[in-house]
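Hi,

Here is the structure I promised to pass on. Have a look at it first, then read my notes below.

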Amino acid sequence: MPTAATGPADSNERTAIAIASVAIVAGIAARTWVWTHRGSLFLDEASLALNVLARGFGGLAHPLDWGQAAPVGYLWVERAAFLMFGAGETALRGWSFVAGVATLPLTWLVARRLAGARAAAFAVTALAGSLLALRYAAEVKPYAGDALAAVGLIWLGLRVHDDPGSARRWGWLGACGVVAVFVSLPSVFTLAAVGVALAGAAWRRGVAARVGLAACGTAWVVAFGAEWFAVLRHSVGDPYLTEYWAPVMLDPSQPALMARMFRAAASVAATPLRWEGSLAAAAAGVGAWACGLAVMARRSRTGLVLLGAPVAFAAAASIAGVYPLSDRLAFFAAPAAMIAVGVALDAVVRPVRPAITVAAVALLAAWVGLDGALVVRSPGSLEPA
């Protein structure tokens with residue numbers, strides 16, 4: 001018989017691990033199905049693919065045609081996939097598939113480290129069945145890679161936080177941060193949050209940690225500066241892109257600011273949960289995210305910064321008119337948002353038995369999964385070729 005002190009906790013831990021394992025396996029299977037059955041490229045994918053197929057590596061470091069914008073590192077990955085595997089849809093979507101699959105176990109690792117196994121099980125279950133996550137794992141677009149870069153950088157930041165004196169961990173964080181800047185546009189927001197989260201630990205742990213933070217920060221700034229002057233500044237000034245994204249910028253001088261702020265929050269937290277949702281569903285998702293961040297604020301300031309600050313930095317960029325917080329471009333924050341939602345749900349079911357946890361996860365899986373099933377049943381239906 002388990003003791004009252006340790007038995008329920010151990011049972012909940014085992015239950016959460018089992019749930020997360022099932023969710024990750026199911027999520028990988030669903031992503032594989034969608035990736036191999038998505039069909040022809042739709043218009044936006046084809047517009048980006050035309051640039052990849054028609055240009056060499058050097059040409060991809062210049063502003064793109066057909067109203068497209070993407071980080072140069074991502075374009076090089078796509079160009080390499082084309083040269084190695086040809087111009088088929090499956091090959092061009094290969095990087096997104098790999099990123100979509102890898103995001104699931106990384107989300108589990110980060111969520112378990114920050115909030116425990118049960119909150120992590122909720123987060124992974126939500127992400128595994130998310131319609132947007134399934135869709136972006138099978139598109140010639142960088143959005144799945146954005147999510148992978150964000151959660152990967154958070155994981156590396158947590159490893160450094162656990163041992164700020166390790167030059168090896170600082171080196172991995174610095175190098176991966178530089179790569180992320182060139183592969184994922186919004187990775188700069190996560191890097192800023194990681195820098196803020198590690199600043200206190202670096203200051204307390206002596207010269208080596210401070211040097212590590214300074215070296216990483218310098219490398220990230222130089223990398224982003226190179227990316228900005230080579231590609232991004234042209235995209236920001238492009239008349240077509242400026243007009244296209246204007247409705248989802250958080251420009252205080254434009255009308256309906258509160259509505260656009262709620263839409264941005266819903267894009268971060270609610271749309272990954274329920275793409276085809278109502279206003280009530282959007283409010284529920286945003287509310288759960290906000291509650292999860294509030295709970296995390298009481299438990300860990302570092303956790304709050306890592307989960308919430310990337311969105312805050314992205315919102316500041318949107319106010320400045322340089323980053324739109326739409327469903328697609330906010331997807332980088334989806335793993336962290338799902339972790340925050342998991343924290344909120346964990347706080348609700350914490351006092352109950354494992355059977356209730358299983359029931360709560362089942363309800364969450366049904367709510368999210370019924371939406372995600374749309375793309376599984378007909379992978380090419382969301383964006384007709």
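**What I found**

Arginine 113 and aspartate 162 form a salt bridge, with their closest N and O atoms 2.5 Å apart. (A salt bridge here is a side-chain nitrogen of Lys or Arg within 4 Å of a carboxyl oxygen of Asp or Glu.) This is a predicted model, so local features need pLDDT of at least 70 and side-chain atom pairs count only at pLDDT 80 or more, while totals for chains, interfaces and linings use all residues. Residues are numbered from 1 along each chain as its sequence is written, and side-chain values use heavy atoms, leaving out hydrogens and water.

Back to that pair: arginine 113 is in helix 5 (residues 94-115) and aspartate 162 is in helix 8, 49 residues apart, and the bridge links distant parts of the chain. Helices are DSSP runs (H or I, at least four residues) numbered from the N terminus, and strands are E runs of at least two. Arginine 113 is partly exposed at 38% relative accessible area, and aspartate 162 is partly exposed too, at 44%. For these words, buried means under 20% relative accessible area, exposed means over 50%, and partly exposed is in between (1.4 Å probe, protein chains only).

**Other salt bridges**

The structure holds ten salt bridges. One of them joins arginine 328 to aspartate 44, with 3.5 Å between the closest N and O atoms. Those two are 284 residues apart: arginine 328 sits in the loop between helix 15 (301-319) and helix 16 (334-349), and aspartate 44 in helix 2 (residues 43-54). Arginine 328 counts as partly exposed, at 21% relative accessibility.

Another bridge pairs aspartate 65 with arginine 55, the closest N and O atoms being 3.2 Å apart. Both residues lie in the loop between helix 2 and helix 3, so this pair ties together parts that are ten residues apart in sequence. Aspartate 65 is partly exposed at 43%, whereas arginine 55 is buried at 16%.

**The inside**

Which residues have the most contacts inside the largest nonpolar core? They are Trp170, Leu173, Trp289, Tyr323, Leu325 and Phe331, in a core of 107 residues. (A nonpolar core is a set of buried Ala, Val, Leu, Ile, Met, Phe, Trp, Tyr and Cys residues joined through side-chain atoms within 4.5 Å.) Helix 8 (residues 143-162) gives the most to this core, with twelve residues. Apart from it lies another core of eleven residues, including Leu41 and Val52.

Helix 9 (residues 167-183) is worth a look as well. Its buried residues are Trp170, Leu173, Gly174, Gly177, Ala180, Val181 and Val183. Among the parts that cover them are helix 3, helix 5, helix 8, helix 10 (187-204) and helix 11 (207-236). Leaving aside residues up to four places away in sequence, tryptophan 170 touches Val160, Pro164, Leu198, Ala202, Ala209, Gly212, Leu213 and Cys216, where contact means heavy atoms within 4.5 Å.

**The outside**

Now for proline 239, which is found in helix 12 (residues 239-245). Proline 239 is exposed, at 63% relative accessible area.

Enjoy exploring!
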